[in-house]
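Thanks for coming. I have one structure to go through today, so please look at the screen.

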Amino acid sequence: MNQFPWLTVIGLIPLVGAVVLWLLPASLIDRAKHIALGASVVTLIFAVAGALQFSTASKDKFQLVEEHSWIPQFGVSYALGVDGIALSLILMSVILVPVCLLAAWNDLPAEEAHRERHYFALMLVLETFMVGVFAATDVFLFYVFFEAMLVPVYFLIGQFGGPRRQYAAVKFLLFSLAGGLIMLAAVIALYVQGPGGADGFLLTKLAGIQLAPGTEKWIFLGFFIAFAVKAPMVPVHTWLPDAAAESRPATATLLVGVLDKVGTYGMIRFCLELFPGASQWATPVVLVLALVSVLYGALLAIGQTDLMRLIAFTSISHFGFIVLGIFAMTSTSWAGSSFYMINHGFSTAGLFLVAGMLISRRGSKRIPDFGGWQRVVPGLAGVWLIAGLSGLALPGLGSFVSEFLVLAGTYQRYQVVAIIATTGIILAALYILLMYQRTMTGAKPESAAGTPDLSLREKWVVAPLIALFIVLGFYPKPVLDMVTPAVTTILTSIQVSDPAPVVGAAEGSTK
Amino acid sequence: MSTALPAAFTPASLDYVALLPVLIVFGAAMLGVLVEAFLPRSARYAAHVGITLVGLVAAMGALAFGAVSHRVATAGLAGVGGAVKGSVIIDGPTLFLQATILLFALLAALSLAERFGGVGADAFTPMGAATPGSPQEAQARKVGAMTAEVFPLFLFSVAGMMLFPAAGDLLTMFVALEVLSLPLYLLCGLARRRRLLSQEAALKYFLLGAFSSAFFLFGTALLYGFAGSVHLTDIAAAIAGQGSALDGLLVPGVLLVLVGLLFKVGAVPFHMWTPDVYQGAPTPVTGFMAAGTKAAAFGAILRFVYVGVDRAAWDWRPALVVVAALTMIVGAVLSVTQTDMKRLLAYSSIAHAGFILVGVLSMERTGVSGVLFYLAAYGLTTIAAFAIVGLVREGGSEATHLSQWTGLGKRHPWTAGVFAFLLLAFAGIPLTSGFTAKFAVFKPALESGTAGAVLVVLGLLCSAITVFVYVRIIVLMYFTESPGDSVAVVEPSVFTTVTVATGTLFTLVLGVAPASVLLLAERASQFIR
């Protein structure tokens, strides 16, 4: 069909931008962020153009396919391709990057301007790896991007973060690498069990291989642990609040909004697709852990006094929902989870970035330091409320659609689990509204008088996000159309069908 | 038992083209000795550097010529009855390792020759024989003396390394072992600064090295008793043949020979010398030793294990599995507690030796190619890393304590950046050669069975530990505020720059596009038996 290497080009533009930034002569150094923003916008344009080549009617599993031999001795290919789930995640990433760059515009004080290009270049490098990780259709290539992504994030947190950034950066790296190395053993073992040969790491070659049940469980665990760390699920979530709290809001957005999606995306793409038997074996445990994540994350969020940590814990709760939907294995819950990943990306971005605007004005991340701010910065308060409402999945916003689909889909198979998970929604209302109340309502703080409201730049940061909340809330069809064929294809290939609808009281429900 | 004397003297048939690279290096070393004896002091440095570099490049050329024109064969005594029975066997693995060692040597020679604007090589004392701090030493420094004999010593060592993996019988192997070791013992003791530490290192290395040589020789004797020959092929044939009353000598013999060889690669529990020697030796020598000795000794281990005693693998493999596991664990765990950069890299090299042993133990041809690739990748990264360690100074002497590296990233972004990249390669992060290399040895190991799988999992856990160590250094360099700026990177000459740049470039290329080198290693992985 088309021979233009869309995915490679989309991935390469930010990398080129980063190299340009690093090689920039000293005279142009204050232009660094403009170049970075330009590169990310060009990437976005190419990504949209590439997405237009994507056909939802296509019967092919992957589209925009590229395939070249890379290390034939290891069976590794440079193979890219997307289905609806991957493409929607890539689009989300490339939309978020320019938004984040714009939000990070004045992150560094003037006396540190010389480090600015480094900061923006690292974000661009990260964008390259994000595109790569979602587009890889070769297990080894996926692993390479999966690990390589850690390096720019590590430096973003460690060099530009808050006071405890060293601790947070090292904790983040060690958790992720430990998970990643376990996965490496599983990756090699998978190849050994597979058909082998010079392209033995291709997903298409590995899908549907017959594994001995014992082996399958071990390899599944290797992958799953890595993804659970990444996602992050209780009990391997402890790195996330630290990392999010110590990084800049833009970094936190990319970390939680995009990077963590690799975990849930990996569960769909690798755990379930390659090891359906072992996945079903593990489902009870995973569902319980997901439920714990939903509730525990929400409860801890209620108790936080640090804005960034609070948002991080809400994400742990949301990821619980996503994992729940994935392991419920119905087409509805899968469509919901895939859509949830997109919505969560945008709504977390809204929360983190607006929180960043608040924090930079107040000079503190502590919630008790705020209060009554809607009288000082009404515009900002309004945006904060909308972002919060998206976080609690208000009907009419995109996150509601996805949360509903997840719960409805889960209910088809696991009624009790779905009912318990529903309480997570109530808790979500609690943590968001309490947060809003504590920061915004109350008497007008005298100390904050004269604080400027949203600047033009900040309006440009929040406008696309709010537009996306509303559009995806009222008209989710384009995204759902994009992910549904992919969901159907995968579920068919692993021979899982939806439970037949039951009228009236479902059999086996707890009565 | 008795090998009858031949009726008449038969001259050895030598394939000079195949031997040429080794001969050139030996020749250059001899020439260096003459330079030392006859040239005036002022002309020596230039002459030595010239001879060393030209000799190494010429050897590389000869090697390439021999490899391309397929003059790869055995040299030494011609086989009897078609059996290959060479004392020096130039086959695929030998060629690959010789090329690797020559490349290491070239880079190390450049870093050895670094002067930083002084008269002689900066890393070496002006007078090795003088007591540290004595008037003679001060006198020697005043008149501008230098120990230029490091260059011929270095070349002898290189030649020994090239011979080591090629040795087809245990006696030749022993000779090669000594030829590579003796100059190294000397080189270790010649550091310009911290002389006592350096001399201690040399003495320790020499004593323990002599011990290990004795083990090796005793093992050889036992194997001779078992097989009636020191040739690896004869030993292999004896293992395959009928049992005899002397079968009991086989396993002790194999294990003792392995002790001698494992000592050279620094495998646990024969690793005690490594941290002290790495720390005390002049930094360029340390880099060369870490890369070159490892490559040569693993080459010898591969040949001994795969050609000589592979049929008896059931008997000795469990012992080697334990050694590999211990090596990885001890190397990784102890590197966590180090506070000196050179000692830290020493423990890291121990851990790497463990990873390589995992590949050796797979007993597959892909294992051989994986090990070859690992040796090349690790060595190039190591030489570059030690070259950088030699550049970071405080008050003229090397700042090897970790605390002295704080904040280096802010003041010297390029140096710190390159070093951080090399550390990521040691840690095995994808897109660096370290990752490809680990993959290359772990994959065949995982294919080889349960023991291999356990070792791989252990290896990955140890990698996670070592990651912590390397990351800590990056934290120090980048994320920690430095107390002062007395530590600085000295301006390197073009020599060191080339060394660092080449090593770093290879680290990147072997991570991003390793296919061609892997193919080379794969093609070179067949031993001539």
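Predicted model: local features only at pLDDT ≥ 70, side-chain atom pairs only at ≥ 80, totals over all residues.

Chain A first. Domain 1 of chain A puts 46 residues into the contact, and domain 2 of chain A puts in 44 residues.

Which helices build the domain 1 side of chain A that touches domain 2 of chain A? Helix H3 (84–103), helix H9 (213–230), helix H10 (239–246) and helix H11 (249–274) of chain A each give at least two residues to that side. The largest share, 15 residues, is from H11(A). Sorted by class, this side of domain 1 of chain A has 31 nonpolar, eight polar and seven charged residues.

Now the contact between the chains. Chain A contributes 27 residues and chain B contributes 25 residues. On the side of chain A that touches chain B, strand S1 (63–71), helix H5 (139–148), helix H6 (150–160) and helix H7 (165–193) of chain A are the elements giving two or more residues. H7(A) has the largest share of that side, with 15 residues. The class count for the side of chain A that touches chain B is 21 nonpolar, four polar and two charged.

On to chain B, beginning with a length check. Just after H7(B) comes B:Gly228, with a positive phi of about 75°.

Next, helix packing. What is the angle between helix H14 (residues 365–389) and helix H19 (residues 494–512) of chain B? The angle is about 145°, and the axes are 8 Å apart. The crossing of H14(B) and H19(B) is left-handed. On the H14(B) side, the contact residues include B:Ala377, B:Leu380, B:Ala384 and B:Ile388. On the H19(B) side, they include B:Thr496, B:Val500, B:Gly503 and B:Phe506. By class, the contact of H14(B) with H19(B) has nine nonpolar, six polar and no charged residues.

H19(B) also packs against helix H3 (residues 92–112) of chain B, at an angle of about 145° and with the axes 7 Å apart. The crossing of H3(B) and H19(B) is left-handed. H3(B) takes part through B:Leu107, B:Leu110 and B:Ser111. From H19(B), the residues in this contact include B:Phe495, B:Thr499 and B:Thr502. The contact of H3(B) with H19(B) divides into four nonpolar, five polar and no charged residues.

Last, the sheet. Chain B has three strands in an open, antiparallel sheet, ordered S4-S3-S5. Strand S4 (397–398) and strand S5 (487–489) of chain B are the edge strands, each pairing on one side only. Strand S3 (residues 392–394) of chain B is joined to S4(B) by two bridges. B:Glu394 sits opposite B:Ser397 in S4(B).

That is what I have; questions are welcome.

Key:
Residues numbered from 1 in each chain as written. Chains lettered and ligands numbered in written order. Contact = placed C-beta atoms within 7 Å. Helix = DSSP H or I, 4+ residues; strand = E, 2+ residues; numbered from the N terminus. Nonpolar A, V, L, I, M, F, W, Y, C, P; charged D, E, K, R; others polar. Pairing = 2+ DSSP bridges. Axes fitted to C-alpha atoms, helices over the stretch in contact; angles between N-to-C directions. Left-handed = near helix turned anticlockwise from the far one by under 90°.
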